[in-house]
Amino acid sequence: MRAPGPGTATVRGMDIEAFRALPGPAGRAVLAAAAEADLSENALLSTAARLRERYPAELVAAALTQARLRVRARAKFGPDADRMYFTPDGLEQATRARVAAHRARRFAAYLDARGGAVLEMGCGIGADLIARARLGCRGEGVERDALTAAVAKANVEALGLAGLASVREGDATLEDPAGYAAVFADPGRRTGRGRVFDPRAYEPPLGTVLDLAARAPAGCVKVAPGIPHDAIPNGVEAEWISVGGDVKEAALWLGGLAGAVGRRATVIRSDDPDSPAATLTPEPGLDAPDVRPWGRYLYEPDGAVIRARLVAEVAAQVGGGLADPRIAYVTADAAVATPFAAAYEIEDVLPFSVKRLRAELRRRDVGVLTIKKRGSAVDVDRLRRDLGFASRPRRGGGAEATVVLTRVGRAPVALLARPLPAGE
């Protein structure tokens, strides 16, 4: 369910006929050669010239594109990337494997109880389709763009999942989801001018996608993490997901896949498949956090927690409150391990002043400085220069320090803090 393709055989320099030759014997041979070649920008022309001495030019171009995309894709797909196929846009928009696997488990639990197949409207390069198939979920992906559909089909076959998943080219908005057990949709959120933030400007618009998904007994729609809360319909569960501290996406769960809560935050520590996911949901009857003075510890709630408006739940977990009611920094007197916030021991609280802060850092012989901020208008890059820190650590080493810039009311403050290891 991406934005309409250009309607030609070439997308951003990728020839669809050359791509279709890649999974064949000649294609695999040139892919193997490309994978061992120098793919750096400076060497690319000479690499291409050497390969064209043995293989057709169109096939070489497609293989080099794939080889370079596979290198980039390892961050999202790990070892699978070296067997998969991509388009530049498809890779950028694809769900990372760790998130797709998390979401697939929810589909698998639902389908185990009732059976049936999942219709994926706008399957892209097939990341979510693959994740569900690996858990035994039957599925059919529909993709409007011919090249992207060919890539998704090649990925399903390359990973040995053709018995569970299939892909076909078509307009997902013309599908009838009623015959499927569940629907997954990923509307396009990019145009030629960049990302789209207004759900009404998705391709197709979010309202249209939700109406289509509602025709099946259950559904899930992938959306941008910045989706406004007032754009989420009643009866729909919204889930925000972060990986390694960065909020990657959100999903709207409908019908039989929606839980009993209206919103949740899921935190995945890293892309390591063995890294567990932790989920936070609203605590019934919980009041807003107390406003209190700075304690010994500072907790920085994960971005997914903030997006899901669950900061009060984190404050309750650690027995803390907010120094300022409008800023999502929690402070407490005890160190409590939580996957939903980064923790720091506060060593000093200073009224913000560049001169005072510079003197304190020198007194501590700080050589490596990390600056974080929330609720502060300070330009961090300029402050680093004003404090005497370039982009690299100072010569001679020195101590490490973290400065947290924030405010209490209208008063700007700087906290000198020590990060606590996860679990401390």
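I call a residue buried when its relative accessible area is under 20%, exposed when it is over 50%, and partly exposed in between, using a 1.4 Å probe and protein chains only. The model is predicted, so I kept local features only at pLDDT of at least 70 and side-chain atom pairs only at pLDDT 80 or more, while totals for chains, interfaces and linings use all residues. Residues are numbered from 1 along each chain as its sequence is written, and side-chain values use heavy atoms, with hydrogens and water left out.

**Entry 1: Gln66**

I looked up Gln66, which sits in helix α4 (residues 57-77); helices here are DSSP runs of H or I with at least four residues, strands are runs of E with at least two, and both are numbered from the N terminus. Is Gln66 buried or exposed? Gln66 has a relative accessible area of 0%, and is therefore buried. Taking contact as heavy atoms within 4.5 Å, and not counting residues up to four places away in sequence, I found that Gln66 touches Met14, Phe19, Leu22, Leu31, Met84, Tyr85 and Phe86. Met14 lies 52 residues from Gln66 along the chain, yet their C-alpha atoms are separated by 9.6 Å.

**Entry 2: the whole chain**

I noted 13 helices and 20 strands in the protein chain, and of its 424 residues, 50% count as buried. Among contacts between residues at least 6 apart in sequence, 71% join residues at least 24 apart.

**Entry 3: nonpolar cores**

I next looked for nonpolar cores, meaning sets of buried Ala, Val, Leu, Ile, Met, Phe, Trp, Tyr and Cys residues joined through side-chain atoms within 4.5 Å. The largest has 49 residues, and Leu206, Val221, Val223, Trp240, Leu252, Tyr299 and Val305 have the most contacts inside it. Helix α9 (residues 206-213) gives the most to this core, with five residues. Apart from this core lies another, of 46 residues, among them Ala18, Ala94, Ala150 and Leu161.

**Entry 4: helices α6 and α7**

I then compared helix α6 (residues 97-114) with helix α7 (residues 127-134), which pack at an angle of about 55° with their axes 8 Å apart. The axes are lines fitted to C-alpha atoms over the stretch in contact, and angles run from 0 to 180 degrees between N-to-C directions. Angles under 35 degrees count as roughly parallel, over 145 as roughly antiparallel, 65 to 115 as roughly perpendicular and the rest as oblique; α6 and α7 are therefore oblique to each other. The contact is made by Ala100, Ala101, Arg103, Ala104 and Phe107 of α6 and by Ala127, Asp128, Ala131 and Arg132 of α7.
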